[in-house]
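Good morning, and thank you for the time on today's agenda.

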Amino acid sequence: MNLNERDKQIIKEHIDRGESLPPKYKLMLFADAPEVELIWQGKSSEVTTVALPFQSIEQIDEPRSEDLTGKTLDLFTADAQSGRQSSGWTNKLIWGDNKLVLASLKNGPLRREIEAAGGLKLIYIDPPFDVGADFSIDIEVGDETLTKEPSFIEERAYRDTWGKSGERYLQYIYERLRIMRDLLSDDGSIFVHIDWHVQPIVWLALDELFKPEHFHNSIVWGYHRFGVAAQKQFTRAHDTVLWFSKSNKWTFNLDDVRLPYSEKTKANFVGGIGGSGFGSGELNELGKIPEDYWVIAPAYKSLNEVLPFPTQKPEALLDRILKACSKRGDLVADFFCGSGTTLAVAEKLGRKWIGCDLGRFAIHTTRKRIIGVQRELKAAGQPYRSVEILNLGKYERQYFVGIDATLPEEQRRAQTIQREEHYLTLMLSAYKAERVFQTPPFHGRKGATMVVVGPIDAPVTLAQVNEVIAECRRKQISKVDVLGFEFEMGLTPAVQDEARAKGIGLSLKFIPKDVFDKRAVDRGQVVFYDVAYVEVLPKVKGLKATVTLKDFGVYYRQDDLDALGEKLKAGGSKVTVESGQVVKISKDKQGTVSREVLTKKWTDWIDYWAVDFDYENRREIIRVVEDGAEKDIWTGNYIFENEWQSFRTRKSRTLEFTSAEHEYSKNKRYKIAVKVIDIFGNDTTKVVEVKV
């Protein structure tokens, strides 16, 4: 900037008088500014630089055993007995806020693992964009359909990121796109799926971040829809997929995505040589180069694909994108993975993958879908990769309350103590309880019930609960609620029965992620659910063992039944949840309200269950950075290795309730872990010990 003192004085005088600057001075001041720049209220060029450790909560090494005799394996180093790869990259399915996940992938130790896998070659995302959409999920319960409402955090992520003119949404997507760009390899591409609601502003954001010269196609994905009577515009029947590369290098496998020529085209070409046809020469035997408009039927048109996700995309769409811009063995990612379409297609095409979603139900749906693909590949003698299910767990919770998870243990512990009062106040406020002091181990009171808040970074243990029961007896307290993010495995209804025998009403309640959203707390929309319980029966004969599910219980509540009955129109009905039962509320034409319990038995609540026959075989090791150096530490937890599973699908609603036999290699004591996932996608784990 070349300004003399006189120039500076003139500019200052104009500013003081609130006048516009003469063009001469605008050019002098902003000579280096871009000719076009995207500006919105609240725009920030800063992005999250946090690098939280990932917690590994489950490993899916292989699906149910099948006979692979005589099958051929290729693509990567694979186990000849199972078809599962025995070395290299493990696919990653991550539950959490993708902004924190992306930042932790970019800035943390997993970045090196990504680079070792060849770098991230392709990202496809289908972010939420319809501000008026209903993001609830329909779940089948017998012959009826239960609508699962999104949690407050899911609701806010899907719908409440808009602002008056889309500025909040633009900042939301801009931050995430910027980190995705940094994660991509230099020859990588990004495909962003959007519709008319946000196409203009997202395209501008992509232009700014990836540069217009790296734009390749605005792909129109068209599908057939019926118009609505008296509508005042043409029927909207397409979405858009914007394709940008990170640089002037990118992959495009033209021959992998060619389409067959029509009979008319072939006839014109053959008959038109030297005549009236439109071309001469030879047609490529692989087909024609596709245009940038694709007519592909939506997922709900295929009974083989349809899942309970209103925004699910067809596999054919992702098949074409992944074949076009990635190769077998390449690493691809979807950070809004939903029902897991990108990941399922990637698995079938031999791509490595990373998937992420905020919704617990999305992670559960994707888990089942990927296991289904693994089973298909295994049966066909084709290779597949292990899947690791990750989250940010306690480190994310520490981050939300202002604790730096990357500090050395001693400093982190000191910071945890400093933030303890803030944490307790936040939890009790969300629970609508008042803070009490000088009455350890109690932290609050809700009416006549005392409240104990578990630690932010560890499970509530049986020893802690026993201490609470003993203190209740000593102080003659008859009711107590214990809140926790996690509960020690084995903390079953037996401890509640024991407390009840001593005259104490004990409730164990999960703290939901919603507590970290101030608006959810302010609106009183945070729901604490009682801990579910599961009972199992292991049977051992020689070196072989099986596990049978014996009982399962939940205590969910979704609507006030009386209020719901009043709102219903005559002749209407709705399925909801009350006191751990799925209930159908109906109102006849005379206005009489009736209730029908749809969950006739405990098995109706179970959607999926799996067994790890040697639970303490694999410790959870995380890599952290302390004082600038990386080191591996044991969290004190173990990774659930998914060795056997049974689950419901749209085609088959039945479950097996006794596992297949597992054979141990030697006589000793083993701990068996059983994970049960209910129809809402919430999981409960039970650990039992057996002697073989």
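I shall begin with the conventions and the confidence, then turn to the strands and helices.

This is a predicted model, in which local features need pLDDT of at least 70 and side-chain atom pairs count only at pLDDT 80 or more, whereas totals for chains, interfaces and linings use all residues. Residues are numbered from 1 along each chain as its sequence is written, and side-chain values use heavy atoms, with hydrogens and water left out.

First, the confidence. The mean pLDDT (the predictor's confidence in each residue, from 0 to 100) of the protein chain is 85, and 86% of its residues reach 70 or more. Over residues 66-82 pLDDT stays under 50, and the model has 38 contacts beyond four places in sequence for them; a contact means heavy atoms within 4.5 Å. Residues 271-280 also stay under 50, with 11 such contacts. Where pLDDT is low, the predicted coordinates should not be read in detail.

Next, the chain as a whole. The protein chain has 18 helices and 31 strands. These are DSSP runs, numbered from the N terminus: helices are H or I of at least four residues, and strands are E of at least two. Of the 692 residues, 50% count as buried, where buried means under 20% relative accessible area, exposed over 50%, and partly exposed in between, with a 1.4 Å probe and protein chains only. The chain exposes about 34,100 Å², of which carbon and sulfur atoms supply 49%; this area comes from the Shrake-Rupley method with a 1.4 Å probe. Among contacts between residues at least 6 apart in sequence, 68% join residues at least 24 apart.

I now come to the sheet. How many strands does this open sheet have, and in what order? There are 11 strands, in the order E9-E7-E8-E6-E3-E10-E11-E2-E12-E1-E27, and the pairing is mixed. Two strands pair if DSSP finds at least two bridges between them. At the edges lie strand E9 (293-295) and strand E27 (640-641), each of which pairs on one side only.

Strand E3 (residues 120-125) runs parallel to strand E10 (residues 331-334), joined by 3 bridges; Leu-120 has Leu-331 in E10 as its bridge partner. E10 in turn runs parallel to E11 over 4 bridges, and there Asp-334 is partnered by Gly-355 in E11. The chain passes from E10 through H10 to E11, a β-α-β crossover that is right-handed: with the strands pointing away from the viewer, the path from the first strand over the helix to the second runs clockwise. E2 and E11 are likewise parallel and joined by 4 bridges, with Lys-92 opposite Ile-354 in E11.

Helix H12 (residues 393-400) is mostly covered, with 6 of its 8 residues buried, including Tyr-395 and Arg-397. Just after H12, Gly-402 adopts a positive phi of about 90 degrees. Strand E24 (residues 606-612) has 7 of its 7 residues buried, so it is largely enclosed by the rest of the structure. E24 pairs in the antiparallel sense with strand E30 (residues 669-678) over 6 bridges, and with strand E28 (residues 644-647) over 4 bridges. Trp-609 takes part in both pairings: it stands opposite Val-676 in E30, and its bridge partner in E28 is Ser-646.

Finally, two individual residues. Thr-147 is found in strand E5 (residues 144-148) and counts as partly exposed because its relative accessibility is 22%. Its C-alpha atom is separated by 9.6 Å from that of Val-577, 430 residues apart along the chain. Gly-329 sits in the loop between helix H9 (315-325) and E10; at 22% relative accessibility, Gly-329 counts as partly exposed. Gly-329 and Leu-349 are 20 residues apart in sequence and 8.8 Å apart in space, C-alpha to C-alpha.
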